[in-house]
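Here is a note for a colleague who is coming to this structure for the first time. Please read the points below with the sequence and the model side by side.

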Amino acid sequence: MEAGVKRAVQKRQVLFLCVFLGMSLAGAEPLRYFVAEETERGAFLTNLAKDLGLGVGELTARGTRIISDQNMQFLLLNSLTGDLLLNEKLDREELCGPREPCVLPFQLLLEKPFQIFLAELWVRDINDHSPVFLDREISLKILESATPGAAFLLESAQDSDVGTNSLSNYTISPNAYFHIKVRDSGEGNIYPELVLNQALDREDIPELSLVLMALDGGSPPRSGTALVHIMVVDINDNAPEFVQSLYEVQAPENSPVGSMVVSVSARDLDTGSNGEIAYAFFYATERILKTFQLNSTSGNLYLKSELDYEAIQTYTLTIQAKDGGGLSGKCTVVVEVTDVNDNQPELLLSSLNSPIPENSPETVVAVFRIRDRDSGNNGKTVCSIQDDLPFILKPSVESFYTLVTEKPLDRERNTDYNVTITVTDLGTPRLKTEYNITVWVSDINDNAPAFTQTSYTLFVRENNSPALHIGSVSATDRDSGSNAQVTYSLLPPQDLHLPLASLVSINADNGHLFALRALDYEALQAFEFRVGATDRGSPALSSEALVRVLVLDANDNSPFVLYPLQNGSAPCTELVPRAAEPGYLVSKVVAVDGDSGQNAWLSFQLLKATEPGLFGVWAHNGEVRTARLLSERDAAKHRLVVLVKDNGEPPRSATATLHVLLVDGFSQPYLPLPEAAPAQAQADSLTVYLVVALASVSSLFLFSVLLFVAVRLCRRSRAASVGRCSVPEGPFPGHLVDVSGTGTLSQSYQYEVCLSGGSGTNEFKFLKPIIPKFLPQNTGREGEENSPFRNNLGF
């Protein structure tokens, strides 16, 4: 944190240093460059890099540009070479009029770091205008009594050029009566006077026509001519005289057109036509004639067009009063234009930096200049922006301002800002200008993708088709562009024994998950893995989510009959005494189903019987019992086919065949079935029964030992078994539970049936008898978490 504070302090010091340097340079003498008007476009003026003491590459690196108040692109800067070139032909008379010297100020702006140099382009005049008389014919009446040496004012010519190229001399065509004397008005203008050399005689020469020529001081000089028509009249010895020789008036610049500015007055002591006075402009420029109108009879001066203080502050007019005898007098009228607040402030944008990268420290967004063409308080301005924006305005030199970010921006909160810069002057009434800037915020990769869920649970039924779409994950990124483009991937599983790459795949573009192969519920009931979402930013950001896949059981296993054995060996025969009561337990069909849930709920029914109606099968537990009393007429041998069916959809089934032999008592010799032991059918010795009984007991004992060993081995290998067994959820239906202890199997049994997880054939590996116990309306969920697969069989 201390390092961050130090960096911030250093940045402020650099900024203050740049502002100080800019102010110091702004206060220095401006750079001056000279060019003659009408110089061709592209002319070389100077090399700014050398003038500023900068390297050529620094001009481009520092973002150098030329700006001017006139918004005229009359200069062109080559940033690569540093050459300053003329961008267009300049007309000095159009740019500056009569003002001399003609100076065009401009500024050289360096953005990085911020620095301003003041400069001026001086436009030199060339002799491209000839003197022109407003009236090509000048009429003059001279009394014949005029004495030699009398002078008569003549209309002056006008020359738009200045300096040595302006009007410098007048000449008149050779004659014996007059010569020209050039007078200076005291305001930098000259005018001609016609001086009489000898007395006139109206009877001898009633009129004269002379050519007046105006010459400028150019090289070569230019000239203009006017015809002077002189009429010799009788004596008029009193010239008009003005009441005031100088009239000074003030006129606000917003004065309406047609309003009277001033009224001048002259008097003449003569009578008749010699005393009649007519007022007219004397030596009036074109601008004066466009702006003012003079009533020749009353001497009232009216406004002909609008005044503009910012263009001209003072007008000097010379008004002549001429009587009917040709004599005249003159006075001077000075009209001072007063300023009103009629110009709105102007905002001149120099540079705009947009878009701005988010999370950037203090950044210069825009550089602009404020200008108001009014004067005094009317030209003073105040600049501001909205208060709810993360930007501040910093004043600089020469009315320059910088718009700077106040704190790092966040694109995810605001993608753009509309900044309204309000400039208000201090005049009455106050005028304001609003300038809108849109600042865009560019994105950086500062947001990691976020999943819509922290974990996903997907369900897929076993025996699915390969490449099956089993679900999707989705993540969003608050960034934009490539920073928001998300790519999905499978992360390495934490369980190294899980073959994840062969189980599922993910579409990297949309997060769709696919099962790569058929799943087997009996081998794999559930698995989980993690998926990652990575954006394409630099550096890339990522996140992850947990996906849990639950395999749903399908009825793909048929019931398997455990007893009686259906392996093609010698069939087992059940002995039933003829004295058995109805409901006598003959045998029990024991079966299991590798599926779970209702797919493993088994029901039993008698499919075929040698003598229908004699035996019955209990549907819920597979017990085969006598249905009625036996009689001597009933056959001794019976063959029963029992159908075992699960509760799946569609249901699967298996059959079990039982052989039943009716005997009068268990001491009666055993009569084997003809198809099983034809050679022993005739043996009726008691020794045979004893041998059979002994073999049965021995077999049962051996089977119990093997079963005990198998149970011990199963418990040891259960943790490593891939396929796990589970107890079907929910209680068994009542018709599938048996708690009686009668029948050939004298006690109730629970079997743990485990399937081989690798063979794919669901072959039963072992049977485990568990200590019999009474099961009251069990929900079937006890021990579910500890036993991978357990099926209660009718017990």
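**Notes on the model**

1. By the ring-pair rule (ring centres of Phe, Tyr and Trp, the last by its six-membered ring, within 6.5 Å), the count comes to 10 aromatic pairs. Phe34 and Trp122 form one that is tilted, with 5.5 Å from centre to centre and 50 degrees between the planes, where planes under 30 degrees apart count as stacked, over 60 as edge-to-face and the rest as tilted. Because Phe34 lies in strand 1 (residues 31–36) and Trp122 in strand 7 (residues 115–124), this pair ties together parts that are 88 residues apart in sequence. Strands here are DSSP runs of E with at least two residues, numbered from the N terminus.

2. Phe34 counts as partly exposed at 43% relative accessibility, whereas Trp122 is buried at 18%; buried means under 20% relative accessible area, exposed over 50% and partly exposed in between, with a 1.4 Å probe and protein chains only. The rings of Phe133 and Tyr170 are also tilted, with centres 6.4 Å apart and planes at 55 degrees. Phe133 lies in strand 8 (residues 132–133) and Tyr170 in strand 12, so the pair ties together parts 37 residues apart in sequence. Phe133 is buried at 2%, and Tyr170 is buried at 3%.

3. This is a predicted model, in which local features need pLDDT of at least 70 and side-chain atom pairs count only at pLDDT 80 or more, while totals for chains, interfaces and linings use all residues. Residues are numbered from 1 along each chain as its sequence is written, and side-chain values use heavy atoms, leaving out hydrogens and water.

4. Tyr170 returns in the largest nonpolar core, which has 28 residues and in which Tyr170, Phe178, Leu194 and Ile230 have the most contacts. Such a core is a set of buried Ala, Val, Leu, Ile, Met, Phe, Trp, Tyr and Cys residues joined through side-chain atoms within 4.5 Å. Leaving aside neighbours within four places in sequence, Ile230 is in contact (heavy atoms within 4.5 Å) with residues including Leu140, Phe178 and Leu194.

5. The mean pLDDT of the chain, the predictor's confidence in each residue from 0 to 100, is 79, and 82% of the residues reach 70 or more. Over residues 667–684 the pLDDT is below 50, and this stretch has 21 contacts beyond near neighbours in sequence. Residues 719–795 also have pLDDT below 50, with 165 such contacts. Where pLDDT is low, the predicted coordinates should not be read in detail.

Key. Helix = DSSP H or I, 4+ residues; strand = E, 2+ residues; numbered from the N terminus.
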